[in-house]
Amino acid sequence: MEIVIRQTPSDVSSTVADIVEGYVRRGPTTLGLATGSSPLGSYRELARRHRESGLDFSDARAFLLDEYVGLPKTHDQSYFSVIRSEFVDHVNLDTDRVLSPNGESPDIAEEGARYDAAIADAGGVDVQLLGIGTDGHIGFNEPGSALTSRTRVKTLTEQTRLDNARFFDSVDDVPHHVLTQGLGTISEARHLVMIAFGKGKAEAIAAAAEGPLSAFCPASVMQLHRHVTVVIDEAAASKLQLADYYRYALEHKPSWQSF
Ligand code: GLP
């Protein structure tokens, strides 16, 4: 796991955009997209590079991490809609090639297996962007999620519903259930890129990177993955015990080595 500590949120977004750009410029890429506020700066930066330097997404496709159960696709807070309004509509990524779990499926118990099969049919995800919840969740894998889990329905904790209430008129409108890629599904992506900002994420980042590998902190599953880049600002790094080493390693990064 490589931990990249940047001064400001905008430095974080530009590093993440560099990583994604590297894949997209190399050839057809399957992106793993995340919602939440953490990736928004990276999406804006990628859209700017698309407009100003012709970064071309026409050969790319994408899979979303998760979706609310029972919220119509057309609802402005469905992740289907959010990823379009925040990213897809601003680049030349074909909207039909951006797939997400179907939270309105009449056969919701089977939707997860169907979605995992679609990811596998596409050849898997090349680079997966991830935010992290204050309780260490990734996607919507709440604490206690099996480290090998597949895409399935989960029940949100009250804390996550409260955290996400800011996007709805009231907390009562936040669905209780979600479909989320499992921790095992996410781990199959070839490169995981985690993004976090601010003091509020410092404990979750420390637990994920330096705590025990445990379902109690679902993001700790990244410790088992062979290619992880955690890109965070100083505030989100403030509880890392080895922060000085991570800065030192970055300063001495061999010039031939990319993220
Ligand atoms: C939601 C999303 C996660 C995201 C998390 C943190 O729970 N399902 O994918 O990582 O929120 O969101 P934010 O980046 O806004 O802090």
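Colleague: Which residues gather in a patch of negative charge on the surface?

Modeller: Asp76, Asp169, Asp172 and Asp173 do. Keep in mind that this is a predicted model.

Colleague: Where does Asp76 lie? And is Asp76 buried or exposed?

Modeller: Asp76 is in the loop between strand E4 (66-68) and helix H3 (79-86). Asp76 is exposed, since its relative accessible area is 53% and the cut-off for exposed is over 50%.

Colleague: What else is in that loop between E4 and H3?

Modeller: Val69 is one of its residues. Val69 is partly exposed, at 23% relative accessible area.

Colleague: Switching to salt bridges. How many are found in the whole structure?

Modeller: The search gives 15 salt bridges. One of them joins the side chains of Lys253 and Glu2, at 2.9 Å from N to O. This pair links distant parts of the chain. Lys253 sits in the segment after H8, and Glu2 in strand E1 (residues 2-6), 251 residues apart.

Colleague: Is Lys253 buried or exposed?

Modeller: Lys253 is buried, with 17% relative accessible area.

Colleague: What does Arg114 form a salt bridge with?

Modeller: With Glu111. Their closest N and O atoms are 2.7 Å apart. Both are in helix H4, three residues apart, so about one helical turn separates them. Arg114 is partly exposed at 44% relative accessibility, while Glu111 is buried at 3%.

Colleague: And what does Arg150 pair with?

Modeller: Asp116, with the closest N and O atoms 3.4 Å apart.

Colleague: Now the aromatics. How many aromatic pairs does the count come to?

Modeller: Eight aromatic pairs. Phe63 and Tyr115 form an edge-to-face pair, 5.9 Å centre to centre with 75° between the planes. Phe63 is in strand E3 (residues 61-64) and Tyr115 in helix H4 (residues 108-121), 52 residues apart.

Colleague: Are Phe63 and Tyr115 buried or exposed?

Modeller: Phe63 is buried, at 0% relative accessibility. Tyr115 is buried as well, at 1%.

Colleague: Which residues do ring pairs link into a cluster?

Modeller: Tyr68, Tyr79, Phe140 and Phe168.

Colleague: Last one. What makes the nonpolar surface patch?

Modeller: Leu242, Tyr245 and Tyr248 make a patch of about 350 Å². Leu242 is in the loop between strand E10 (228-233) and helix H8 (243-251).

Notes:
Residues are numbered from 1 along each chain as its sequence is written. This is a predicted model: local features need pLDDT of at least 70, side-chain atom pairs count only at pLDDT 80 or more; totals for chains, interfaces and linings use all residues. Side-chain values use heavy atoms; hydrogens and water are left out. Patches are made of residues with over 30% relative accessible area and no salt bridge: like charges are joined within 9 Å, nonpolar side chains (Val, Leu, Ile, Met, Phe, Trp, Tyr) within 5 Å. Accessible areas come from the Shrake-Rupley method with a 1.4 Å probe; for residues, only the protein chains shown count as cover. A salt bridge is a side-chain nitrogen of Lys or Arg within 4 Å of a carboxyl oxygen of Asp or Glu. Lys and Arg count as positive and Asp and Glu as negative; His and the chain ends are not counted. The place of a charge is taken as NZ of Lys, CZ of Arg, CG of Asp or CD of Glu. Helices (H or I, at least four residues) and strands (E, at least two) are DSSP runs, numbered from the N terminus. Buried means under 20% relative accessible area, exposed over 50%, partly exposed in between (1.4 Å probe, protein chains only). Rings of Phe, Tyr and Trp (its six-membered ring) pair if their centres lie within 6.5 Å; planes under 30 degrees apart count as stacked, over 60 as edge-to-face and the rest as tilted.
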